[in-house]
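Visitor: Let us take this one by questions and answers. Please put it on screen.

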Amino acid sequence: MTEDHFSTGVLHHTARNLGAQFALTAALFITSSSAACPPDLDDDGLVDAADLGQLLSQWGTSGSGDLDGNGVVAAADLAQLLGSWGACAATPLDASLACNQLGSYPHANFVNSFNAGATITAGIDTTRHGLTAQATCNLWVLTDRTASQWQADPSLTDVRGVPQTLTLATGGLPANRFTITGATTLSADAADSLGRGYDLVLDMDQSGALSSGDLIDGLDEVGFWVLKDASANGTHATSISTYTASGATAGYTAAKIYYPTDIASMGSVPVVIISHGNGHQYTWYDYLGNHLSSWGFVVMSHQNNTVPGIETCSLTTLQHTGALFAQQATIAAGALTGHLDATRIIWVGHSRGGDGILRAYDRLFDSSWTPPAGTFTLAGIKLLIPISPTDFNGRGGVGSGSDPHSCPVYLFYGAADGDVCGCPDSNVADSFNLYERALGDKSSCYIHGADHNDFNCCGVNDFAGPAGTALGTAPVQSITKSQMLAAIQWKLGLSDAATDLLWRPYEDFRAVGNLSTAIVVRDFVPTESGGGSVIDDFQTQTAVATSSSGGMVSATVTGLAESVLNDNNLTFTWATTDPHNGATRVGVGDTQRAGLFEWTAASMIEWSVTASQSDFADDVFLQLRAAQGTRHPQTVAQTTTSLTFTITLIDSAGGQSSVAAGAYGGGIQRPYLRTGYGTGSGWQEEFELVRIRLTDFLANGAQVDLAHIAKIRLNFGIGSGTSVGRLEIDDIMTSKE
Amino acid sequence: MHRRTYCLGSRFNDRAGSARLLLGAAAFWVASLASAAPQTAAPGVTAPVAPVVAPAPAIRADRSEFPALPRTPSAIIDVVVAQPFALELPFESEWRADQSVVSRGWLVVLRAPEALLIPRQTAEPVLYAGSTTAIRVAHGYTSGYMVAIVPACHPVDEGGVIDADAWVTLADTAIWFGSPLLPERVDARLIAEETLAAAAAGITDLGNAAATKALAARASLVLKDRAALAAVARELVAQWAPAELAEAPQDAVVP
């Protein structure tokens, strides 16, 4: 699905300057060729005298003629050039093709994943890719190949038996969206992966082989995935056993283990450990144990010493984790021996147990608890999954605190939680404190109508939402199973098939078994180290007019401010003295900040991009997260449940392109209409991700140079989206897949 | 209620302290036999039991409202069962910040207002007994009966001298729910504050009649250690809050 963004960015810049489609088309393949043909120094598709002259002119210096990258143009470079004399071998263009059709710009949603049985469209942006109208070509659906496999074998074999012949039409992308025949019957079977990967090739010369001039979706990576139902069981039967953990706190030694019945035929298996909450039982999570073990994981749920507090339950999590590895030879009659992977451990904790797993991680991080020798280490903990956790400790310091540090976090929360309520009068009840505290990749799943004990089988009914909005335990657990599986596969690198489930709007994409009418708000914040650039996270620059990356911020929206994400009083009633009303997201010791503003007429906010960050061409997404202001007059005034606006990229030459935040479905969800803590209705703020594929800004011939972005602008109001509104906004950044 | 008592703290957590505890345990054992007229039971063996009253109807799990946190301090309704115990191997309780040592006390089944029995993830009202924190074994939200371990304390005279050879009786022990907090954060200073607040609220010691009635049901026990105590506690959970058995402390998986 990844495209050669650099070449496409340059292309459009060139095309705009020359104003000629001919130049666009020519440049496309020249640029693509030069990337694969380094001695072609002048990018004309040939290695000839002109290139030789250019190389010789750089002799003894560094420059483009330094073909071996040793810092100086010398004899070895000359030899390489002479060895490549003649025409460069052209390559096909890596382009996004598999998509869902959209009713408005950018006309197609080029996604990674489709559910099995879904309709899949091939979206061919003839304008952008310089393809000739009326051309006849063949569309091939193939089993995924790596780049090296394509190089070794460019022949085309369609999994449907025969390719599909298309005739391109005038009108660009909107006129060239073709339903892929037979897509609804594509297999999703792929062992323990959530899906099967396919490549899509537009064979322009109908040669039956991948060749110059063809378009391919999936040259380097998978073109698209067809997913199994992530909420349904996987392929393994589950075996269940119980055991007593040696060395655990007296009275809290019992554990239940779920594992693939055929584990003997498997290698090292990741381990998921479940730590229950207060008044809960270790036997209450069968739905997770059975589900995850059927997908090839070993799952252990243990007694958790939660009533005294977080220190005690974090200790039982640590003790049981160590005991599982230490005792594997005797658990389940030794069936697990040699199959438990101590380098791939996931801790799942519910409520106090969720607080406890973060405290346990912090204790490992601070070396205030040392695992038994030969069992596990801090580095083995790959993902923390708190479910509606408490936050008794706050960030803390060395020897205290529930701090995930840089460990990835995936958080579940139910908006109708009557216990860990997200209320403004207690940091302990604010689950999102832990989430905002995380420095690593983080993602959350906020489920309207779910209560605290919907996440286990048997806890008391604590539902505290408006009448008629209860989602019910079965739908909540269906969502939990699929999202947890996706998060685990994502962070363990088992499959990229599931990542769309983490960040695409729920309205747009969800597991087949999930309730389509449920309201689920997804957030996803990758670390900067994972690629991309943070334009503004509101942390390091406190001045409103300056972004955290140092660029200027200008705006016509009203009430623009930025400060700590803290509801500063005891109610959710809107008050001007509490600008972050509903932002129950910082605990003791936390300093996470965000921006906020409102509008009642057409208005905008614009970030200048610094020169060092202006090249978006190698990035994949532009993203931000936003939340509607709880019980704010402009939130109350809205007549729709999702707020939208428009995002515009502006390049250094003034070229620009805009995409509506709601183009892909949804928008920024209105807060759950729960009452209490003052007048009105609306609960805590719900940060929701807006993530746009950067190449969508290039759709259908849009003229913006991704390699030289100067500004990012958000437009609000009539003509751009919802007419009035109030937003908190954070983490404006580019990111990679 | 105004009696000053002392529950063993970390200063007894040494070899000499343990020896003194064991000596004290023997004395307590005799005293319990005398005061409660218990059935005879060998150490580590549970005596036959009979319920004092029939368990109340189970609290519905499909309640439409999660009960609000009650005001504290709050008195319990009554103690329906109290079973004295003494341990050969005392244990440090993680239910206090100062990790007090538990060598003897009572396993109790008590009734309390429903809102105090519902497990909460946020801070729960701490169950106090005398001058220490009790150890909850079963919340009791499914039946209305909480099962807990009440550590025994030493009396303190007017001069502040601790009588380490004597033990406060159950009759002279107040049991109540104090301010919401994690028990692991409760220390002696806080216990003193909560005790004063309880007294001000009119919460009194259990008294002879109530204690005698509660103690009549089960025999005193001398048990080896915490694990053995947990096993007996589980019997009470099985009888009074059976739906919470899997939640109760145990040291072996129960089929």
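Visitor: How many salt bridges are counted between chain A and chain B?
Guide: This is a predicted model, where local features need pLDDT of at least 70, side-chain atom pairs count only at pLDDT 80 or more, and totals for chains, interfaces and linings use all residues. A salt bridge puts a side-chain nitrogen of Lys or Arg within 4 Å of a carboxyl oxygen of Asp or Glu. Between chain A and chain B the count is 0.

Visitor: How many residues does the contact take from chain B?
Guide: Residues are numbered from 1 along each chain as written, chains are lettered from A and ligands numbered from 1 in written order, and side-chain values use heavy atoms, without hydrogens or water. Contact means heavy atoms within 4.5 Å. Chain A gives 41 residues. Chain B gives 33.

Visitor: Which domains of chain A each give at least three residues to the lining of the largest pocket?
Guide: The lining has 21 residues, with Gly418(A), Asp419(A), Cys421(A), Cys423(A) and Tyr677(A) nearest the centre. Domain bounds come from an automatic or database assignment. The two are domain 3 (238–525) and domain 4 (530–735).

Visitor: Over which residues of chain A is the pLDDT below 50?
Guide: pLDDT is the predictor's confidence in each residue, from 0 to 100. The mean for chain A is 91, and 94% of its residues reach 70 or more. Where pLDDT is low, the predicted coordinates should not be read in detail. The stretch below 50 is residues 4–35.

Definitions and conventions: On a 1 Å grid over the protein atoms alone, a cavity is a set of points where a 1.4 Å probe fits but cannot get out, and a pocket is an open set with protein on both sides within 12 Å along at least five of seven lines; lining residues have an atom within 4 Å of a point.
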